[in-house]
Amino acid sequence: MEQAKKKRISDEVFTIIIFSVLFLAVFFTFAMLNKNFASVINILNILKHVSVVAIAALGLTFVIAVDHADISFYMSSCFSAMLMAWLIAKGWHPVVCILAGIVAGCCWGLVSGIAVGKFKLPDKISTIAIGSIAFGAAYLFSDGAFIYTNFPSSGITSLNNARIVGIPLPVIIMLALYFLAYMVLERSKYGRQFYAIGANRKAAFFSGINVNKVIVISFVICGGMAAMAAMITTAAQGNGNVKSGLTLLMPCFSAVFIGNAVFRKPSVIGTFLGAVFTSMVQNGFTLMSVPFYISDLVVALLLIVAILSSKFELSSVGKKSAAAKGKAVAAQ
Amino acid sequence: MSEYRLEMKGIVKEFLSMRALDNAEFRLKAGEVHALLGINGAGKSTLIKVLSGVYIKDAGEILIDGEKVSINSPADAIKAGISTVYQDPQVIPSFTGYENIYLGSENDKKNVLSPMSRKELRQKAIELLKEFPLDVDLDKPVYMLSAIEKEIIAVLRALSKRTNILILDEPTSILTEKEKQILFDLVRLLKSKGVSIIYITHHLDEVSEICDAMTVFRNGQTVAQLPVEQGKVNSELIAELMLGKKLVQLYPHKAEKPGTDVLFEAQDLNLEGKFEHISFQAKKGEIYGIFGLVGSGIDEISKVLFGAMYKSSGQLVVHGKPLELKSTAHAIKSGIYLVPGDRKAEGQIGGLPIATNITLAKLQRVINKLGLVLRKKENSYAEDMVKQLAIATPSIKKKVGELSGGNQQKVVIGKGLFTEADIYIFTEPTVGVDVGAKSGIYEIMRQLSKDAAVIIISSDCEEVLGMADRVQVIYKGKCTFRSAAKDTTLSQMLVHAVTADAPSEQAV
């Protein structure tokens with residue numbers, strides 16, 4: 001028994017060590033290939049770039065925790081971005097615009113959540129459909145054209161440019177959201193309910209958990225976080241771009257599943273590490289002027305590797321050691 | 001030619017530091033039905049998995065017809081003529097019977113494009129049926145078939161692979177009484193065709209009915225190999241062999257005096273198509289028992305009582321007040337807790353630790369004002385519960401799925417105790433629980449009944465009669481019998497569970 005316990009702990013530490021080694025190896029490889037990579041400015045750049053992916057991936061973590069998938073968030077974030085930009089062009093105060101965008105994101109999440117949680121529609125297909133509706137609707141604001149009106153004067157760009165003690169505001173927002181999410185998902189009663197549903201929906205139901213409600217909430221959080229990611233992109237680009245969110249899908253899933261592979265469950269810290277890792281890879285390739293499709297390709301590869309390792313590592317390591325032990329016994 | 005179809009000698013299998021099989025021996029003659037007996041964890045399923053190539057043995061040898069064979073994978077086992085039919089036969093529901101029988105062995109050609117002829121398969125299946133005349137419609141999709149017909153399909157699948165050693169793993173666990181007889185006929189037929197059968201079961205009456213010999217396991221070792229003479233088994237001796245000590249009194253003493261306050265009352269409950277006119281009172285200080293066979297509606301009754309399913313009509317009265325249960329959360333808030341019938345799917349969250357499982361149904365007790373879980377408090381509650389229920393585990397951090405069946409069930413019960421309910425409903429509380437842990441769970445239930453109303457709902461007749469102070473029997477969703485347990489015999493209960501027309505006795 002004692003041995004078994006020690007074995008499992010070391011297995012978990014093992015994956016964390018592997019990840020750290022991999023992380024450092026990638027970091028130093030890029031640093032050697034490009035002297036700008038390890039500069040303070042670039043690291044802040046990476047963090048800024050991380051903030052968009054990391055926030056959207058954080059929302060997705062909640063959906064993955066209840067063992068569902070949301071393929072609508074990156075498209076609904078396009079809608080939120082366009083709504084914000086459109087309201088800014090109309091001369092509304094940026095705070096109002098941002099709130100409206102976030103509410104819209106939550107609403108799209110609510111629609112997905114009700115479809116999946118209440119009506120029990122298949123999650124992937126229905127969220128693709130709902131997301132596509134959101135993406136279609138995003139075109140309505142300007143027939144798909146960029147919206148620049150009022151952007152420099154409205155002050156929304158300061159969301160991107162502002163710094164607090166030298167740290168860019170998007171990074172601060174990201175850290176704040178991660179702290180909140182950590183408290184909710186890992187420490188609170190509600191987090192327990194998310195994980196319980198993800199691990200055994202029926203047993204959670206028989207434990208008096210309102211399963212449907214929690215599933216709906218997870219989608220609402222995902223939609224809301226995607227809108228916040230859209231908010232940062234919009235502020236950074238200084239315009240409303242209907243395609244702004246389309247690059248989020250793959251990095252967000254990669255971030256969540258890399259975290260899942262490292263910690264053996266979808267977790268807030270895991271998603272953060274996953275997001276930093278994927279963004280670092282993307283940024284490194286960008287600095288080397290590698291075309292974007294190569295970095296997309298690498299991120300997608302990372303996702304597959306993450307899924308593979310979370311499925312196989314523990315069981316195969318366990319089997320190997322058991323088999324080795326068995327042989328040793330036989331030899332005696 | 002050896003005397004034995006199959007010999008297993010000195011089989012050893014270790015998992016980490018535990019010896020699941022320790023020099024186990026097993027011998028099987030041709031055309032013999034041989035029972036494997038032993039409490040859970042005695043090593044019988046490990047032996048079967050070694051034989052069927054699921055596990056690779058660490059030491060020992062396997063001989064078939066006197067010749068040594070090496071079985072390192074399920075494919076090796078099938079090649080050696082060994083097939084297993086598991087408890088819940090794995091079939092593809094939308095495929096027909098004959099498609100299921102030949103699944104994966106449709107034809108011998110390696111070419112992907114070589115067509116599979118349904119006609120040919122069907123013809124082959126019909127010929128198989130000629131050899132083994134069984135009453136089953138192979139043209140129907142399997143989801144339309146009953147449990148026993150699915151089992152027959154699974155057996156036919158095994159037979160189609162020239163099986164001469166067939167392993168039946170608790171084949172009666174999902175069958176009704178009537179279906180059991182069909183299965184026994186099937187076993188006799190196979191025997192007459194020279195197939196050797198290894199029959200794993202918990203029920204000694206089945207052993208006396210159809211087995212020729214039996215092997216008893218305890219702690220991974222073979223403790224006895226006995227013939228079944230003239231269909232008789234010495235159940236006391238077997239129980240002693242299985243437990244290794246005198247059989248302890250399984251059921252605790254009944255309540256000394258009748259229950260006092262009526263905490264829970266069902267008045268004329270109906271659920272369309274499932275059950276009707278169900279009424280009873282559960283009192284503090286005693287255990288109320290509801291017995292019915294699988295499929296009689298007892299599982300649905302338990303779910304309606306807990307708000308997990310909605311009744312069509314009727315009334316629940318809880319603590320003297322009418323109560324409309326809106327959800328399971330509402331039930332728990334009202335002091336009701338259900339230990340669900342399907343522990344793995346409904347009761348426990350196997351992938352989460354013991355502590356998390358125990359507090360899950362009433363997290364309010366371990367959170368602060370911000371809704372954050374206080375881990376120290378949670379852990380100390382969980383430690384207490386582990387001690388109180390004597391859950392055998394090295395740590396409360398251990399995942400529930402890694403515990404034995406009995407300890408898993410105790411965790412599910414602990415989750416209920418943590419809600420501080422005063423109405424406990426136990427559905428099939430000891431399915432997949434070994435004899436030792438069973439008596440522990442029964443003792444917990446009796447203890448609970450001192451301050452709470454306890455309801456046991458089960459398809460195990462002995463268990464209901466052994467535990468309850470008052471009982472009712474359900475047949476096809478209707479109550480056919482109710483009485484005080486002390487005035488009732490097992491056969492009385494059973495007869496009312498299989499027919500609605502039993503001669504009516506004095507009802508209490």
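This short talk walks through a predicted model with chains A and B, beginning with two residues of chain A and ending with the side of chain A that touches chain B.

Residues are numbered from 1 along each chain as its sequence is written, and chains are lettered from A and ligands numbered from 1 in the order in which they are written. Since this is a predicted model, local features need pLDDT of at least 70 and side-chain atom pairs count only at pLDDT 80 or more, while totals for chains, interfaces and linings use all residues.

Find Ile215(A), which sits in helix α11, residues 211-237. Is Ile215(A) buried or exposed? Ile215(A) is buried, because 27 other C-beta atoms lie within 10 Å. The rule, with C-beta atoms placed from the backbone, is that 20 or more other C-beta atoms within 10 Å make a residue buried, 12 or fewer make it exposed, and anything in between is partly exposed.

Which residues does Ile215(A) touch, leaving aside neighbours within four places in sequence? They are Val66(A), His68(A), Gly113(A), Val116(A), Gly117(A) and Ile197(A). Contact here is a matter of C-beta atoms, placed from the backbone, lying within 7 Å. Along the chain, Ala227(A) is twelve residues from Ile215(A), and their C-alpha atoms are 19 Å apart.

Now look at Val95(A), in helix α4, residues 94-118, of chain A. Val95(A) is exposed, since it has 11 other C-beta atoms within 10 Å. Between Val95(A) and Met84(A) there are eleven residues' distance in sequence and 9.6 Å in space, C-alpha to C-alpha.

On to chain B. It is divided into domain 1 (4-243) and domain 2 (262-498), with bounds that come from an automatic or database domain assignment. Taken over C-alpha atoms, the two domain centres are 34 Å apart. Seven residues of domain 1 are in contact with nine residues of domain 2.

Next, a sheet of chain B. Six strands form an open sheet in the order β6-β7-β8-β3-β9-β10, with mixed pairing. Two strands count as paired if DSSP finds at least two bridges between them. Strands β6 and β10 (221-227) are at the edges with a single partner each, so one side of each has no neighbour in the sheet. From one strand to the next, the twist averages 20°.

Let's zoom in on β7(B), residues 165-169, where five of five residues are buried. Side chains in a regular strand alternate between the two faces of the sheet. In β7(B), Ile165(B), Ile167(B) and Asp169(B) point one way, Leu166(B) and Leu168(B) point the other way, and all are buried.

What are the partners of β7(B)? Strand β6(B), residues 82-85, pairs with β7(B) in the parallel sense over four bridges, and Thr84(B) has Ile167(B) as its bridge partner. Strand β8(B), residues 196-200, runs parallel to β7(B) and is joined to it by five bridges; there, Leu168(B) has Tyr199(B) as its bridge partner. To get from β7(B) to β8(B), the chain passes through helix α6(B), residues 177-192, in a right-handed β-α-β crossover. Right-handed means that, with the strands pointing away from the viewer, the path from the first strand over the helix to the second runs clockwise.

Chain B also has an open sheet of four strands, β12-β11-β14-β15, with antiparallel pairing. Here β12 (275-283) and β15 (321-323) are the edge strands, each with a single partner, so each has one side without a neighbour in the sheet. Six bridges join β11(B), residues 262-271, to β12(B), and Leu269(B) stands opposite Ile278(B). Helix α9(B), residues 298-305, lies across β11 and β12, at about 125° to β11(B). Angles like this run from 0 to 180 degrees between N-to-C directions, using axes fitted to C-alpha atoms, for helices over the stretch in contact.

Finally, where do the chains meet? In total, 26 residues of chain A are in contact with 32 residues of chain B. Helix α9(A) gives the most to the chain A side, with six residues.

Definitions and conventions: Helices (H or I, at least four residues) and strands (E, at least two) are DSSP runs, numbered from the N terminus.
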